[in-house]
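Colleague: I am new to this structure and should like to understand the terms applied to it. May I put some questions to you?

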Amino acid sequence: FSLVFALFAVAPLYARLDRPQIRAAGLLLAIFNAAAYFTAIYSQLETAGNSVQSRASAWAMGLAVVYLALAIALERRVSEHQWAGRTLPGTHYGLAVSFLTIAIPLYLHQQWITLAWLVEGALLFRAGASTARRTVKLFATVVVAIGIFHLLAADLHDWAVQPLILNARLATFAAAIAALLWMIQLERHSANFEAARPAVAAAAVLVNLLALLASGMEIHDYFQLSMGTVPANRFDASQVRHALSIVRNFSYSALIMLYGAVLMWLGFARKSALLRWQAIFLIAATVLKVFLVDVSLLEHGWRVLSFIILGGLLLAVSYAYQRDWLGLQHPRTD
């Protein structure tokens, strides 16, 4: 297996890559050769039945190094002869990243997989930004997206109720947010920032969504722990839990409203229309949630008082903006 793999792996180094047909064949050959070899190796490891995951991870790491070396060699060959197209070296870079990404879940478990993917993607993006390689940055974006998807689709189901703040879930969310912010910062200083502006905007929105989700889950777990401390034999246990659920719902609203206010301030301070629109959406969503959900759980008197307080706050904010007390009017848009 290894001999056949090596023969086909080095074939592009000696082929006549000045012909488009040979370059296309080399691209397909590289992909199928890598897939067939790793499948064969994994099948052999399963037959042996000893430490399959860790040994397969080691093989994947080795293949990542092999394809990285082949990509560098091919890129030098293409550059020296000034052949059109760099698809073949890019494909080998992609195979190197793919095997590194595959090696992580084979060796690690739970949130460590997500953290490793996030670190891998962030470092790849840094490498792509420093060398001005859009392909590497694209690979890095895909790896970070896989890490975030794993966080939302797999990790959240594995976590039970967590202690407040000092927990693995919040640390993983913080790592995802930090990776995205670093990538946004690197892209803002790149020469192709204008072309990448929609992607940067999408990443900024994702950062805010992750921050809100992480904060909301902290609120949820705090009240879940509080409800768990209420004795079941207490005569007013149901009323206490109902009161805690009301406070929890209002805490969600307060979080979203406060986050929207911070985004509004940042939007004006940084002259960012994107941040201001996100803030407006969050504040509007909070108002609707309070009117349609939170207040419906209150008794009649408290409901009327809540409407009065909310209306007064909205009028005060509107009046402060119209008078320009904070100097926020006439900002320059993005």
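Modeller: Let us begin with a term: a helix here is a DSSP run of at least four residues, numbered from the N terminus. Please note that the model is predicted.

Colleague: Which helix gives the largest share of the nonpolar patch?

Modeller: Helix α10, residues 273-294, contributes four residues to that patch. The patch covers about 470 Å² and consists of Leu288, Phe291, Leu292, Val293 and Phe307.

Colleague: Why is Leu292 called exposed?

Modeller: The term exposed requires over 50% relative accessible area. Leu292, which is found in helix α10, has a value of 64%, and is therefore exposed.

Colleague: What makes His92 buried?

Modeller: Buried means under 20% relative accessible area. His92 has 1%, so the term applies. His92 is found in helix α4, residues 87-107, and touches Ala30, Tyr67, Leu70, Ala71 and Leu74, leaving aside residues up to four places away in sequence.

Colleague: How do you know that the span of helix α1 agrees with its number of residues?

Modeller: Helix α1 comprises 13 residues, 2-14, and at 1.5 Å a residue should span 18 Å. Its end C-alpha atoms lie 19 Å apart, which agrees.

Colleague: Why are the buried residues of α1 said to line one face of the helix?

Modeller: Those buried residues are Phe5, Ala9 and Pro12. Viewed down the axis of α1, they fall within an arc of 50°, and so they line one face. In general, an α-helix has 3.6 residues a turn, so residues three or four places apart point the same way. On the other side of α1, Leu3, Leu7 and Tyr14 are exposed.

How values were computed:
Residues numbered from 1 in each chain as written. Predicted model: local features only at pLDDT ≥ 70, side-chain atom pairs only at ≥ 80, totals over all residues. Heavy atoms only, no water. Patch = residues over 30% accessible without salt bridge, like charges linked within 9 Å, V, L, I, M, F, W, Y side chains within 5 Å. Areas by Shrake-Rupley, 256 points an atom, 1.4 Å probe, with all protein chains shown as cover. Salt bridge = Lys/Arg side-chain N within 4 Å of Asp/Glu carboxyl O. Helix = DSSP H or I, 4+ residues; strand = E, 2+ residues; numbered from the N terminus. Buried < 20%, exposed > 50% of the residue type's maximum accessible area, 1.4 Å probe, protein only. Expected span 1.5 Å × (residues − 1). Arc of directions from axis to C-beta. Contact = heavy atoms within 4.5 Å.
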